[in-house]
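Student: Can we go through this model together? I have some quick questions.
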Amino acid sequence: QDEENDDDETLEILMTGLDASKAQQFVTDRKPGVEIGEDHDNGHSLGLVTTQQTKLDQVYDNNANFSFHHDAFAFTPCGYSSNLILDEEYYYTLHVTPEKGWSYASFESNVPVSAVSDGTQDNIDVMKRVLNVFQPAAFCLTFFAKDIMNKNFTKLMKFCGGTEDYV
C-alpha cells in the first residue's frame, strides 16, 4: 500500500456501566467444560450464537465481500471474548465483563471501514452500532491515526462534541 494513501487507523471504545439488559446477553447458565465434540466445546458454539444474537457480527457492512475469520467464546458463568480477522490483515476484538456493579466492554479495530463498506459506512456508524449493543453509562473513545488531518479523526471529533448524554 502506498504510504501517501495509507490511512492506517485504530478505533478503541472502552465502556463501563453497561445497561443491565444488554449485559445479560453475555451471561450463561451452561455447565463449564461440557464438550460438543472432540475438537470443539460449547463455549465456542455459545460464543457464535451470542455474536449473532447481539449483532456483533454486523458491526461492519461488508459490501466489498472481504473474507472474515471469526472466533468467539462465551465464558461460564459470564463473559465473552471475540476476535475477528479480515483478509488476514485487519482485526476487531471485543471483550465483555457483564457483572453488575463493574460491567465493562471493550472494542478495538483497525478495519478500514470505508474500504470494507464500499464507502457506505464510517467510524461513527461503527461506534454507534457498538454503543447500541452495550448502551454503557460511560465510554472512552481512542482513535489512532498517522495523520492528524485524517478525515475520520475530524469526523469523530465533531461527533463526540455532540454526545452530551455521556460522561
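The chat below covers salt bridges and then cavities.

Tutor: This is a predicted model, in which local features need pLDDT of at least 70, side-chain atom pairs count only at pLDDT 80 or more, and totals for chains, interfaces and linings use all residues. Residues are numbered from 1 along each chain as its sequence is written, and side-chain values use heavy atoms, with hydrogens and water left out.

Student: How many salt bridges does a search of the whole structure find?

Tutor: The search finds 1, a salt bridge being a side-chain nitrogen of Lys or Arg within 4 Å of a carboxyl oxygen of Asp or Glu. Arg129 pairs with Asp61, with 2.8 Å between the closest N and O atoms.

Student: Where in the chain do Arg129 and Asp61 sit?

Tutor: Arg129 is in helix H4 (residues 123-134), and Asp61 is in the loop between helix H2 (42-54) and strand S4 (68-74), 68 residues apart. Helices (H or I, at least four residues) and strands (E, at least two) are DSSP runs, numbered from the N terminus.

Student: Why does Arg129 count as partly exposed?

Tutor: Because its relative accessibility is 31%; buried means under 20% relative accessible area, exposed over 50%, and partly exposed in between (1.4 Å probe, protein chains only). Asp61 is also partly exposed, at 24%.

Student: Changing topic, which residues line the largest cavity?

Tutor: Glu9, Thr10, Leu11, Tyr60, Ser109, Asn110, Val111, Asn123 and Phe143. On a 1 Å grid over the protein atoms alone, a cavity is a set of points where a 1.4 Å probe fits but cannot get out, and lining residues have an atom within 4 Å of a point.

Student: Which strand gives the largest share of that lining?

Tutor: Strand S1 (residues 9-16), with 3 residues.

Notes:
1 Å grid on protein atoms, 1.4 Å probe; cavity = no way out; pocket = protein on both sides within 12 Å on 5 of 7 lines; lining within 4 Å.
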